[in-house]
Amino acid sequence: MSKFEFKMPKLGESITEAAIITWFKNIGDTIEEDEMFLEVATDKVDSEVPSTVSGVIEAILYNANDVIKIGETIAIIKVNKTLSSKSKTNTKQDITSSTVKASQKKDEKAKKTRTVTSSAVEMSHSNSFSVSNSNTFFSPLVVKIAKEHHISFEELARIPATGHDNRLRKSDVFQYIEDGRPFKFAQPVAQQDPTAYRIPQLNFDKGKGKVIEMDRMRQMIADHMVYSKHTSPHVTAYVEADLTNMVNWRNANKVAFQEKHGERLTFTPLFVEAVAKAIKDFPNINASVDGKNIIVKENINIGMATALPSGNLIVPVVRNADTKDLKTLAVNVNELANKARENNLKADDIQGSTFTISNVGTFGSVMGTPIINQPEVAILALGIIKKRPEVITTEKGDEIAIRSMMYLSLSFDHRVVDGFLGGSFVRCVADYFEQFDSNREI
């Protein structure tokens with residue numbers, strides 16, 4: 001018999017870590033090759049991970065809700081000396097090495113916890129406090145525990161964190177509670193600015209009715225939306241565009257397009273194409289903020305806000321949209337839309353967007369004020385295409401004609417996107433819509 005180190009598998013090109021949702025097996029259980037071992041989460045996508053070997057589970061090194069780096073050993077399986085072809089490529093170590101490594105990890109973690117606890121107790125004897133947890137994003141699990149114990153977000157921010165990227169873990173919160181919540185009544189030494197805005201602690205009558213607990217994805221969406229509004233000062237610019245040429249061309253060519261290319265021709269690939277062109281004209285809209293730095297992205301990856309069958313929102317990504325022709329864009333858009341409808345999106349499908357489109361017109365909305373998809377700096381909402389009488393200029397002069405009109409609204413991060421850039425960009429997108437070539441070949 002030998003020991004096999006089961007590692008957190010690679011779940012996508014841009015995925016560096018994953019959170020364990022649940023283990024399907026316990027220590028001492030027998031597991032077969034290709035049998036599902038655990039379920040993990042990356043952003044909004046959950047994936048089941050099968051075992052690559054057959055054997056008996058000797059150790060499970062991490063618990064549910066722990067965030068693990070890709071390639072990290074997460075379990076030890078006792079297997080026969082003859083391993084499967086899948087497991088031969090994995091690193092093997094003897095039981096002594098594995099035990100020592102696990103023991104070292106445990107000692108290091110205990111030492112770190114003791115240091116953190118000692119520091120926390122020392123700080124509790126002072127009248128001052130410091131924000132120990134610089135990562136102010138708290139997982140839904142941590143927030144749930146905090147609510148159960150009536151711990152405010154301000155108090156959470158004072159708890160020393162031991163997780164990846166200084167993230168607060170469940171164990172940190174429980175250790176803090178066990179230590180008697182030393183920062184519960186801590187107050188800052190410096191006098192608070194009397195002019196500063198403070199969130200009032202109001203007790204609302206929330207009423208009575210059917211109670212529906214948020215699922216994990218809805219909690220994540222809620223956290224992301226609140227974080228985005230808190231982080232980015234949102235400003236929204238509006239324009240309207242005449243899509244008559246685009247609408248007429250699409251209606252005249254959608255059947256021929258499907259017969260020729262085997263793909264449905266919706267408006268989405270046409271929108272993605274125009275937005276990608278506008279981004280090339282205004283590259284600073286394709287950016288993110290890193291402290292005091294602005295990162296202007298090299299690739300143009302367009303996210304498409306999409307509703308899942310559950311009603312939750314997800315953003316699959318069309319990568320390198322500026323390099324693809326209309327046929328390829330249609331293929332990508334249809335594939336991602338089908339995956340979303342069937343709940344088959346993978347982690348890579350929703351990673352790496354640099355700019356997001358939200359087609360609120362799909363639901364009949366005239367226009368919308370979308371919330372920025374962090375860490376991007378802008379998001380474009382497209383309203384319903386509606387026929388209206390409009391005044392147009394012809395060779396005969398001004399005339400009233402029936403035109404297919406749409407409102408576009410761009411929400412942007414005013415920290416780095418000023419009104420000139422935001423307004424110029426959304427106007428550029430509208431111009432590309434209006435200047436669509438009605439004689440274009442399919």
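These are exercises on a predicted model, each with a worked solution.

Residues are numbered from 1 along each chain as its sequence is written. In this predicted model, local features need pLDDT of at least 70 and side-chain atom pairs count only at pLDDT 80 or more, while totals for chains, interfaces and linings use all residues; side-chain values use heavy atoms, with hydrogens and water left out.

**Exercise 1. Describe the largest nonpolar core: which residues touch the most other members?**

Step 1. A nonpolar core is a set of buried Ala, Val, Leu, Ile, Met, Phe, Trp, Tyr and Cys residues joined through side-chain atoms within 4.5 Å.

Step 2. The largest core has 57 residues, of which F355, L408 and F433 touch the most other members. Helix α7 (residues 267-281) gives the largest share of this core, nine residues.

Step 3. Another core lies apart from it, with 19 residues, including I20, W23, V49 and I57.

Step 4. Look at F433. Leaving out residues up to four places away in sequence, F433 touches A241, D242, L243, M246, F271, A274, L382, M406 and L408.

**Exercise 2. Classify two helix pairs: at what angles do α6 and α7 cross, and α2 and α4 pack?**

Step 1. Axes are lines fitted to C-alpha atoms, for helices over the stretch in contact, and angles run from 0 to 180 degrees between N-to-C directions. Angles under 35 degrees count as roughly parallel, over 145 as roughly antiparallel, 65 to 115 as roughly perpendicular and the rest as oblique.

Step 2. The axes of α6 (residues 244-261) and α7 come within 11 Å and cross at roughly 135°. Therefore α6 is oblique to α7. The contact is made by M246, V247, W249 and R250 of α6 with F267, L270 and F271 of α7.

Step 3. Helix α2 (residues 140-148) and helix α4 (residues 170-178) pack at about 20°, with axes 9 Å apart. So α2 is roughly parallel to α4. L141, V142 and I145 of α2 meet K170, V173, F174 and I177 of α4.

Step 4. Ask what lies over α2. Its buried residues are P140, V142, V143, I145 and A146. Their cover includes α3 (153-156), α4 and α5 (216-231).

**Exercise 3. Inspect the backbone: where are N65, H150 and P375 found?**

Step 1. Most residues other than glycine have a negative phi, and most peptide bonds are trans.

Step 2. N65 sits in the loop between β6 (55-60) and β7 (67-69). Its phi is positive, near 80°. N65 is partly exposed, with a relative accessible area of 42%.

Step 3. H150 is in the loop between α2 and α3. Phi of H150 is also positive, near 55°. H150 is exposed, at 70% relative accessible area.

Step 4. P375 lies in the loop between β16 (355-358) and β17 (378-382). A cis peptide bond joins Q374 and P375, with omega about 5°.

How values were computed. Buried means under 20% relative accessible area, exposed over 50%, partly exposed in between (1.4 Å probe, protein chains only). Helices (H or I, at least four residues) and strands (E, at least two) are DSSP runs, numbered from the N terminus. Contact means heavy atoms within 4.5 Å.
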